[in-house]
Protein chains: 4
Amino acid sequence: VSTNQTRITVRFCETDLMGIVHHANYLQYFEVGRVEWLKERGFSYEKWMAAGLHLPVVEANVRYRKAARFDDELVIETRVVETTRVTLRFGYVVRRDDVVIAEGDTLLACVDDRMIPRRLPKEITSVLATQ
Amino acid sequence: VSTNQTRITVRFCETDLMGIVHHANYLQYFEVGRVEWLKERGFSYEKWMAAGLHLPVVEANVRYRKAARFDDELVIETRVVETTRVTLRFGYVVRRDDVVIAEGDTLLACVDDRMIPRRLPKEITSVLATQ
Amino acid sequence: VSTNQTRITVRFCETDLMGIVHHANYLQYFEVGRVEWLKERGFSYEKWMAAGLHLPVVEANVRYRKAARFDDELVIETRVVETTRVTLRFGYVVRRDDVVIAEGDTLLACVDDRMIPRRLPKEITSVLATQ
Amino acid sequence: VSTNQTRITVRFCETDLMGIVHHANYLQYFEVGRVEWLKERGFSYEKWMAAGLHLPVVEANVRYRKAARFDDELVIETRVVETTRVTLRFGYVVRRDDVVIAEGDTLLACVDDRMIPRRLPKEITSVLATQ
């Protein structure tokens, strides 16, 4: 399965009074990785919009392994771990060098403008078939 | 001039590694105060939308006086400090009991869907005239 | 089991370009509910700090049921769903009137200043025993 | 005067329901630029901490020129625009290609652990003298 590596540097505002990255920010990191995964395979946000389709997150799960701190350089590893006709599940591992900081997954549903579930477009399922 | 008092409690995620509220969050606090000021005078977001008007922030200024901390109860005092035919300037004071934590102001411009400046609606200027 | 109801109003800055509350913010809402649950039972943050203990989030899971929008009034229902000698799992339901917007849970571990797992203090386990 | 160029890509979670970057996020962008400016000249956060010094933001001003949108690539241009014995004022211009998106400045005060104002360390004033 094809994975993406996205680099980010922890921002000051992403820490909390415990001196570590606040746990809610990992969902933002996952999203940064997912956006890049999709974009690199030709699925920009404009393309989804033009097709009248959206990919809302319907489920998210995170396991926090180690604390990350201000200015840490992190790598977000993103891949697709499961697909159905209308959903995509992305899996993520966030690392600082060899240390796993957090892992998780998010389930996205393909819907139209009225939030009715729709089949994932052929272009994306054929890309997924080759990964 | 008529002012509003809005109470908020500092959230854990709003602190940073210095153990204090991160300075960017005060623009969010000001916004909470501004939204309530407008809503209490009958200017809900739906009303602006229905009129095809928006009120983007075009300028923001903050002076930080004292640190606020997790779980502090803050009062945001909001009032209109200046108006033109197309702009509104709100002023804010954030207090913890008698201590001023931050002060500032934001300038908002009335624009239409194409971002063309528009006169403020009569309803709001007449409310402002009586304050 | 004893539950808490915490009311929040969706902030403008918590929405995203889809016009709905960004999914990462629900972990912040859960936290607001959890902080209040603990505080109402006498477990303020200062108390944990004074005991040299912390409660970092080690796992988080969210299922998104319906979209919430700007200015929605939401109720966060918080309760403890599972305890071990060193962990606490909180469960959450976020509602707008009778509509379930999101559900989830977070697992917290009791650790000391060096991040070594510690037994939960007797005060909290005895409170939990009576819930 | 020596300036820094920092590149960022707008994150999905940084947009609001108007479809544009929420105005509070620019203070976070400014901070990203400032942290890099300091780090590239040898003033990492650890170094300040080791000296028992902090640089809290005591004033912030932003003028919003144009909207930025999801996935826009922005350049934050950062420089020091004013210094006193105890303060540093940073100026920022955020651009998308040749378009100025926002401009602003933040005033930082050098303080010790008890928040008492302290002279800026010689190392930084001598770096500033050569800029």
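Mentor: Let's start with one term: a polar contact is a pair of N or O atoms within 3.5 Å, and within protein one must be able to donate a hydrogen and the other to accept it. Please keep in mind that this is a predicted model.

Trainee: What makes A:K39 and D:D71 a salt bridge?

Mentor: Their closest N and O atoms are 3.0 Å apart. The cut-off for a Lys or Arg nitrogen and an Asp or Glu carboxyl oxygen is 4 Å, so a Lys and an Asp at that distance qualify. The count between chain A and chain D is four salt bridges.

Trainee: How many residues of chain A and chain D are in contact, and how much area do the two chains bury?

Mentor: Contact involves 14 residues of chain A and 14 residues of chain D. Between them the two chains bury about 1,500 Å², with 56% of it on carbon and sulfur atoms.

Trainee: What is found between chain C and chain A?

Mentor: There, 20 residues of chain C are in contact with 20 residues of chain A. The two chains bury about 1,900 Å², 64% of it on carbon and sulfur atoms. The count of salt bridges between chain C and chain A is zero, while six residue pairs are in polar contact, both residues at pLDDT 80 or more.

Trainee: Which elements give two or more residues to the side of chain C that touches chain A?

Mentor: They are α1 and β3 of chain C. Of these, β3(C) gives the most, with eight residues. Sorted by class, this side of chain C has eleven nonpolar, five polar and four charged residues.

Trainee: How do you know that β3(A) and β3(C) pair?

Mentor: Five bridges join β3(A) to β3(C), and the two run antiparallel. Pairing asks for at least two bridges, so five are enough. As one example, A:V62 has C:A60 as its bridge partner in β3(C).

Trainee: What order do the strands have in the open sheet that includes β3(A) and β3(C)?

Mentor: This sheet has ten strands in the order β1(A)-β4(A)-β5(A)-β6(A)-β3(A)-β3(C)-β6(C)-β5(C)-β4(C)-β1(C), with antiparallel pairing.

Trainee: What makes β1 of chain A and β1 of chain C edge strands?

Mentor: Each of them, residues 4-9 in its chain, pairs on one side only. From one strand to the next, the twist averages 20°. At the chain C end, β1(C) pairs with strand β4 (residues 73-83) of chain C in the antiparallel sense over six bridges. In β4(C), C:E77 is the bridge partner of C:Q5.

Trainee: Which strands does α1(A) lie across?

Mentor: α1(A) lies across β1, β3, β4, β5 and β6 of chain A together with β3 of chain C, and runs at about 135° to β1(A). Helix α1 of chain C lies across β3 of chain A together with β1, β3, β4, β5 and β6 of chain C, at about 135° to β1(C).

Trainee: What order does the open sheet with strands of chains B and D have?

Mentor: Its ten strands are ordered β1(B)-β4(B)-β5(B)-β6(B)-β3(B)-β3(D)-β6(D)-β5(D)-β4(D)-β1(D), again with antiparallel pairing. β1 of chain B and β1 of chain D stand at its edges with a single partner strand each, so one side of each lacks a neighbour in the sheet. Within chain B, ten bridges join the antiparallel strands β5 (residues 87-96) and β6 (residues 99-109). There, B:R95 stands opposite B:V100 in β6(B).

Trainee: Why does the pair A:D105 and A:R63 tie together parts that are apart in sequence?

Mentor: The side chains of A:D105 and A:R63 meet in a salt bridge at 3.7 Å, N to O. A:D105 lies in strand β6 of chain A and A:R63 in strand β3 of chain A, so the pair ties together parts that are 42 residues apart in sequence. Over all chains, the structure holds 48 salt bridges.

How values were computed. Residues are numbered from 1 along each chain as its sequence is written. Chains are lettered from A and ligands numbered from 1 in the order in which they are written. This is a predicted model: local features need pLDDT of at least 70, side-chain atom pairs count only at pLDDT 80 or more; totals for chains, interfaces and linings use all residues. Side-chain values use heavy atoms; hydrogens and water are left out. Contact means heavy atoms within 4.5 Å. Buried area is the accessible area (1.4 Å probe) that two parts lose on being put together, summed over both. Helices (H or I, at least four residues) and strands (E, at least two) are DSSP runs, numbered from the N terminus. Axes are lines fitted to C-alpha atoms, for helices over the stretch in contact, and angles run from 0 to 180 degrees between N-to-C directions. A polar contact is a pair of N or O atoms within 3.5 Å; within protein, one must be able to donate a hydrogen and the other to accept it, and residues adjacent in sequence count only if both atoms are side-chain atoms. Ala, Val, Leu, Ile, Met, Phe, Trp, Tyr, Cys and Pro count as nonpolar, Asp, Glu, Lys and Arg as charged, and the others, Gly among them, as polar.
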